[in-house]
Each structure stands twice: as structure tokens, then as C-alpha cells.
Amino acid sequence: MPPSNITAAPSNWGAEAGTRFGEGVSWAAIARVCCDAGCWAEAAEAAEQALLIALQVGSLRIESMALHELGFAILQRGDSVHARKLCAQALDMARRHGSRHQEGCALTRLAEVALGSGDADTAMQIAEEAVQALTEVSAAVRRLQAMQVYARALTAVGRAAEAAPILDTVTQASRHIGLPGPEQHSGMPTSRTDLKPGSPSATPTDSRSPTEGMTDKSGVVLRGAPSHHRFSHGVEPIPIPHTGQHR
């Protein structure tokens, strides 16, 4: 159920909704940063905060962003079934929202979850679709991430020779724009024998929270993600019907 304190929209709801939308996007972005840093608890909490805001403002975009990050974080707890369900739900919402970019991001995380749960064949197919989607919208950075997942899946199914040039391209392009390359993802499986549910896809390199020192739009320093778990114990967000008014 939606939070009980949500009542009829006030007269200035438009401005307030815009502010809350920005906050939701920010929390979803923090969840992604935490996932990429291997800080799973912080990622889950940030994603949960984004989900709460998504329900309040009726945003399929934010809900999709938050769901696939939450799913990726939950995978690291060993719950691959729930993780894949959340990522699949995120993909469905991205498609309902109509954003090819967000669809590509959701596909990438779903592929990562499939790979981390031991299903390299499915991961390979999904990652290839993600690369295509992100190529269409010229999302260079996200496309590199999808290519990396695709190459790891190829390696896991015994097609390392095909994966090698892709990983080389990702490495060179990542270095060119100052991003971490595939060699920094040593925790990812490289063959079928390495695949097992809950395999980490990144390892923390810093004991601090990834949100430490960051500020929200009000200038408040974020020392960590919210402490209230609203969705991580199996409670799923309410699907929001697409009315054409969602952000």
C-alpha cells in the first residue's frame, strides 16, 4: 500500500512534485553508485528511498531505475529469484515509460543478475539486447557497461575468443573517458564453473559509504542512505498504470 500520509495534492503540488522527482532521480543515481562500488546495503536503502518517492509522484522512470538497482543489490544477498523478478519488473516499467535509454539500463542490470545467478546463456541474450538499445540512443557510457556484461557472458559460455575483442574495445574506450575498465571487475565470473548465485559483481574498495560527502539539492550532506527498509523484505511496489502523464 502507498504510505498512509499521502493525502490530496496541495495547490502547489506541481512545484513540489518537480522537486520530489529530482530527489527520486538522485536517490536512484546514488543506488547505482553504491552498486557499482559494491556497497550493497547502502544501494538497497537508496533504492528503497527512490521507490517511495516514485510512488508519491507517480514516476515509472524512477521506479524502474530504483527497481533494477535494488534487484542487483538483493542478488548479492543470495536471493537470485527475487533479484531477477525485480529487474524484470524494472524492464517492464521502462518499456511502459517509453524510454529506450532506461530500457537499455534495465536490460543491462537484468543481464548482470542473470549472469550472477548462474544463467550465462540468458545473460548473453539480454546483454546483447541492451547493447542494441543503448547504441540506438547513443548512450556511450551505459553501452560500454552493457558490452562488458555481454563479453563476460560470452566468456562464461565458453566463447572467450569472441569476448576478447569486445573487452579490449571496452577497456580502450573506458580509459579514454576515464572510467574503470573490465580488469577492475575481478569478482565477476569468467567461466561456467565460476558461476553461482549471489556471486559479487564488484568488490568494495573503500570502507566509507559512497554517499559520504555528497549533498542533496537542499545542501544537506548525505552521510549514508536512509535507514528504513521498506521494500527489501519481499514487499513489492505497486505497479503504476501508464496514463501518459508519468515522467
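Predicted model: local features only at pLDDT ≥ 70, side-chain atom pairs only at ≥ 80, totals over all residues.
Residues are numbered from 1 along each chain as its sequence is written. Local features need pLDDT of at least 70 and side-chain atom pairs count only at pLDDT 80 or more, whereas totals for chains, interfaces and linings use all residues; side-chain values use heavy atoms, without hydrogens and water.

Helix α7 spans residues 140-156 and helix α8 residues 160-177; helices are DSSP runs (H or I, at least four residues) numbered from the N terminus. Their axes come within 8 Å and cross at roughly 155°, where axes are lines fitted to C-alpha atoms over the stretch in contact and angles run from 0 to 180 degrees between N-to-C directions. α7 is therefore roughly antiparallel to α8 (an angle over 145 degrees). The contact (heavy atoms within 4.5 Å) includes Val141, Leu144 and Met147 of α7, and Ala163, Ile166 and Leu167 are among the residues met in α8. The residues of this contact divide into 13 nonpolar, four polar and one charged; Ala, Val, Leu, Ile, Met, Phe, Trp, Tyr, Cys and Pro count as nonpolar, Asp, Glu, Lys and Arg as charged, and the others, Gly among them, as polar.

The count of disulfides (pairs of cysteine sulfur atoms within 2.5 Å) is zero. For Cys35, the closest cysteine sulfur, in Cys34, lies 7.3 Å away, which is too far for a bond. Cys35 is buried, at a relative accessible area of 1% (buried means under 20%, with a 1.4 Å probe and protein chains only). The sulfur of Cys87 is likewise too far for a bond, because the closest cysteine sulfur, in Cys35, is 9.0 Å away. Cys87 is buried, with 0% relative accessibility.

How values were computed:
Helix = DSSP H or I, 4+ residues; strand = E, 2+ residues; numbered from the N terminus. Parallel < 35°, antiparallel > 145°, perpendicular 65-115°, else oblique. Buried < 20%, exposed > 50% of the residue type's maximum accessible area, 1.4 Å probe, protein only.
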